[in-house]
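Student: Could you walk me through reading side-chain features in this model? I'd like the general idea, then the case here.

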Amino acid sequence: LFRLTVKRLFSTLHSSVDSAEMKKFQLLAHKWWDEEGEYSALHSMNDIRVPFIRDTLLNMSSNYHLGSPLAGIKILDVGCGGGLLSEPLGRLGASVTGIDPLEDNIRTADRHKSFDPVLAKRIQYKSSSLEEIVEESMETFDVIVASEVVEHVADLEMFIKCCSQVLKPEGSLFITTINKTQLSYVLGIVVAEKIMGIVPDGTHEWEKFVPPEELERLLESNGFSVKAVNGMLYNPLSGSWSWTESTSVNYALHAVKSGAHGQSSPAEALPEMEREQPLATAGTAM
């Protein structure tokens, strides 16, 4: 009991979860599946983030199942919210674990998943922070997705370390987030929150936005190799996302954890870079 108490105390003292951020999302926990509501931009982001994850993984693998291209792949969706990204990944055949520190979010995600018996089998949700599952999940997952999450965490380096610990060697990490530029302040906060109300006022703090260079540096120093960084552009008039060469506002990143001996196996490193290049180019042409 004493050890358990100490462990709990340690996990609350050293947490990547920001309690102020939690309060913001608590108020909207029941709104996740309203496609016209506060999370409409995240719903439409699935149109590009799901194919980005799917195609990148298929490019890295020689065996996939028709109709269930991600079958056999274990994915951890960190900060899963109401399950907006977990569900389409589950539909592609992946076995998905969605974690979120807010119990209300998990309740919403569980309820929505229960309407589809196939998803009910493929997805499990857990109210937990990333560091709370590290011990039981060492090198468990083939893929981690952290979409629109890193700009809300309290300790980014610790978050990335934890990602590395629960990811298998040569596993993939997908991140989408917001750059820290003057343009991202104007579009991401002034326009999106204050003027157009695309996201609720107060959702983001510009100080916590992460430049891709900083994210790459943190990833490389924690045993990851960054494979792709693609700019993303949201059109508030059409409510749709597209790929763009500029990463000055939103961007998506794919990184691979180095192999068991501290480096990616040379056999797959070069072809993988070549394989991924067309995807990035195809994306920017859209």
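Student: Is Glu 136 buried or exposed?

Tutor: Glu 136 counts as exposed, because its relative accessibility is 52%. The cut-offs are under 20% relative accessible area for buried and over 50% for exposed, with partly exposed in between (1.4 Å probe, protein chains only). Before we go on: this is a predicted model, where local features need pLDDT of at least 70 and side-chain atom pairs count only at pLDDT 80 or more, while totals for chains, interfaces and linings use all residues. Residues are numbered from 1 along each chain as its sequence is written, and side-chain values use heavy atoms, leaving out hydrogens and water.

Student: Which side chain does Glu 136 meet in a salt bridge?

Tutor: Side chains of opposite charge can pair when their charged atoms come close. Here the partner is Lys 126, at 2.5 Å from N to O. For a salt bridge, a side-chain nitrogen of Lys or Arg has to be within 4 Å of a carboxyl oxygen of Asp or Glu. Lys 126 lies in strand 3 (residues 123–127) and Glu 136 in the loop between helix 7 (130–133) and strand 4 (141–147), so this pair ties together parts that are 10 residues apart in sequence. Helices (H or I, at least four residues) and strands (E, at least two) are DSSP runs, numbered from the N terminus. Lys 126 itself is partly exposed, at 33%.

Student: How many salt bridges turn up in the whole structure?

Tutor: The search finds 11. One of them joins Lys 168 and Asp 142, with the closest N and O atoms 3.0 Å apart. Lys 168 is in strand 5 (residues 167–178) and Asp 142 in strand 4, so that pair ties together parts 26 residues apart in sequence. There's also a network of salt bridges linking Glu 87, Arg 91 and Asp 116.

Student: What about a pair within one helix, such as Asp 110 and Lys 113?

Tutor: Their side chains meet in a salt bridge at 3.4 Å, N to O. Asp 110 and Lys 113 are separated by about one helical turn because they are three residues apart in helix 5. Asp 110 is partly exposed at 30%, whereas Lys 113 is buried at 10%. Leaving aside neighbours within four places in sequence, Lys 113 has contacts (heavy atoms within 4.5 Å) that include Glu 87, Leu 119 and Tyr 125.

Student: Now the rings. How many aromatic pairs are there?

Tutor: A pair of aromatic rings is described by the distance of the centres and the angle of the planes. Rings of Phe, Tyr and Trp (its six-membered ring) pair if their centres lie within 6.5 Å; planes under 30 degrees apart are stacked, over 60 edge-to-face, and the rest tilted. The count comes to five. Trp 32 and Tyr 39 have centres 3.8 Å apart and planes at 0 degrees, so they are stacked. Trp 32 is buried at 7%, and Tyr 39 is buried at 5%. Tyr 185 and Trp 206, with centres 6.3 Å apart and planes at 90 degrees, are edge-to-face.

Student: Which charged end sits over the ring of Trp 206?

Tutor: That's Lys 180, 5.3 Å from the ring centre. The rule wants NZ of Lys or CZ of Arg within 6 Å of the ring centre and within 35 degrees of the ring normal. Lys 74 likewise lies over the face of Phe 141, at 5.9 Å from the ring centre.
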